[in-house]
Amino acid sequence: MIDLYFWTTPNGYKVTILLEELGWNYNVIPVHIGKGEQFKPEFLKISPNNKIPALVDHDGPGHAPIAIFESGAIMMYLAENSGWRFMPADVRRRYDVVQWLMFQMGSVGPMLGQAHHFRRYAPEPIPYAVERYTNEAHRIYSVMDRRLSEAPYLAGEYSIADMATYLWLRPHKWQGQDLAEFPHLSRWYADVRARPAVQRGLAILQDTLNRNRDKPSGKAWNTLFGAKQFERR
């Protein structure tokens, strides 16, 4: 059995979508990041960076439990252990997937996250930060649009790279981007969104997600973005 420590963020939904694509059973353990549950000692033993998602496969290598943190590592582990589904065993094709997954981890997630943080969550407007990260988001969208003019999916075939990247484009308006400006990216976005497994993965704790769309304030803001993040554990 797989235990998935999860909350309703793009990184969390990466893993539920992949598990739904694989058709595997899994147990969702909510970790409410607005309430600071990610700082509990028992969770830190699994995810030392106090971030979701984290995964425990109770039937891991050698039939012994294994705990994994970081969404990209979790996706690679699941793809490999499913018989190389959504990340091919062939080295050349596999690294087509890996490099686009790393592009998501190193550029798409951090830079788009900064764009919508400074555009939506910052306690006061910082024009330089808004301009810098909105422009970087536009550049990243352009990179993907150019790539998707050459292939139906980021690595050629549908893969974990597409699942990981799609989640970060869902709040494109918060990032100051208009998908209509990127026709190839728009086509890809619609194709990924239409997949039944993507819709099932996004249904996990959907009611909770809908209740948490307002800008966090007070204790929740401090837990997510303020001093609480920097306390020593």
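Q: Which angles count as roughly perpendicular?
A: Angles of 65 to 115 degrees count as roughly perpendicular. The structure discussed here is a predicted model.

Q: What makes α5 and α7 roughly perpendicular to each other?
A: The axes of helix α5 (residues 127-148) and helix α7 (residues 183-193) cross at roughly 80 degrees. That value lies in the range of 65 to 115 degrees, and α5 and α7 are therefore roughly perpendicular to each other. Their axes come within 7 Å.

Q: Which residues of α5 and α7 meet?
A: From α5 come Tyr141, Met144, Asp145 and Leu148. From α7 come Pro183, His184, Leu185, Arg187 and Trp188. By class, the residues of this contact are 6 nonpolar, 1 polar and 2 charged.

Q: How do you know that Val198 is buried?
A: Buried means under 20% relative accessible area. Val198 has 1%, so it is buried.

Q: Where is Val198, and what is it in contact with?
A: Val198 is found in helix α8 (residues 196-202). Apart from neighbours within four places in sequence, Val198 is in contact with Ile17, Glu21, Tyr158, Tyr166, Val192 and Arg193. The C-alpha atom of Val198 is separated by 8.0 Å from that of Leu18, although the two residues are 180 residues apart along the chain.

Q: Why is His172 called buried?
A: The relative accessible area of His172 is 12%. The cut-off is under 20%, so His172 is buried. His172 has its place in the loop between α6 and α7. Beyond four places in sequence, its contacts are Tyr141, Gln177, Leu179 and Tyr189. Tyr141 is also one of the α5 residues that meet α7.

Q: Why is helix α6 described as largely enclosed by the rest of the structure?
A: In α6 (residues 160-169), 10 of the 10 residues are buried, so the helix is largely enclosed. The buried residues include Ile160, Met163, Tyr166 and Trp168. Tyr166 is also in contact with Val198.

Q: Which helices do the buried residues of α6 pack against?
A: They pack against α1 (10-22), α3, α4 (91-121), α5, α7 and α8.

Q: What makes β2 and β4 the edges of the sheet?
A: The open sheet has 4 strands in the order β2-β1-β3-β4, with mixed pairing. β2 (27-30) and β4 (66-69) each have a single partner strand, so one side of each is left without a neighbour in the sheet. From one strand to the next, the twist averages 20 degrees.

Q: How do you know that β1 and β3 pair?
A: Two strands pair if there are at least two bridges between them. Strand β1 (residues 2-6) and strand β3 (residues 54-57) have 4 bridges, in the antiparallel sense. The bridge partner of Leu4 is Leu55 in β3.

Q: Which helix packs on the sheet, and which strands does it touch?
A: Helix α3 (residues 71-81) packs on the sheet and touches β1, β3 and β4. The direction of α3 makes about 135 degrees with that of β4.

Q: How many helices and strands does the chain have, and what share of its residues is buried?
A: The chain has 10 helices and 4 strands. Buried residues make up 50% of its 233 residues.

Q: What share of the contacts with a separation of 6 or more comes from residues 24 or more positions apart?
A: Such residues account for 66% of these contacts in the chain.

Methods. Residues are numbered from 1 along each chain as its sequence is written. This is a predicted model: local features need pLDDT of at least 70, side-chain atom pairs count only at pLDDT 80 or more; totals for chains, interfaces and linings use all residues. Side-chain values use heavy atoms; hydrogens and water are left out. Helices (H or I, at least four residues) and strands (E, at least two) are DSSP runs, numbered from the N terminus. Buried means under 20% relative accessible area, exposed over 50%, partly exposed in between (1.4 Å probe, protein chains only). Contact means heavy atoms within 4.5 Å. Axes are lines fitted to C-alpha atoms, for helices over the stretch in contact, and angles run from 0 to 180 degrees between N-to-C directions. Angles under 35 degrees count as roughly parallel, over 145 as roughly antiparallel, 65 to 115 as roughly perpendicular and the rest as oblique. Ala, Val, Leu, Ile, Met, Phe, Trp, Tyr, Cys and Pro count as nonpolar, Asp, Glu, Lys and Arg as charged, and the others, Gly among them, as polar.
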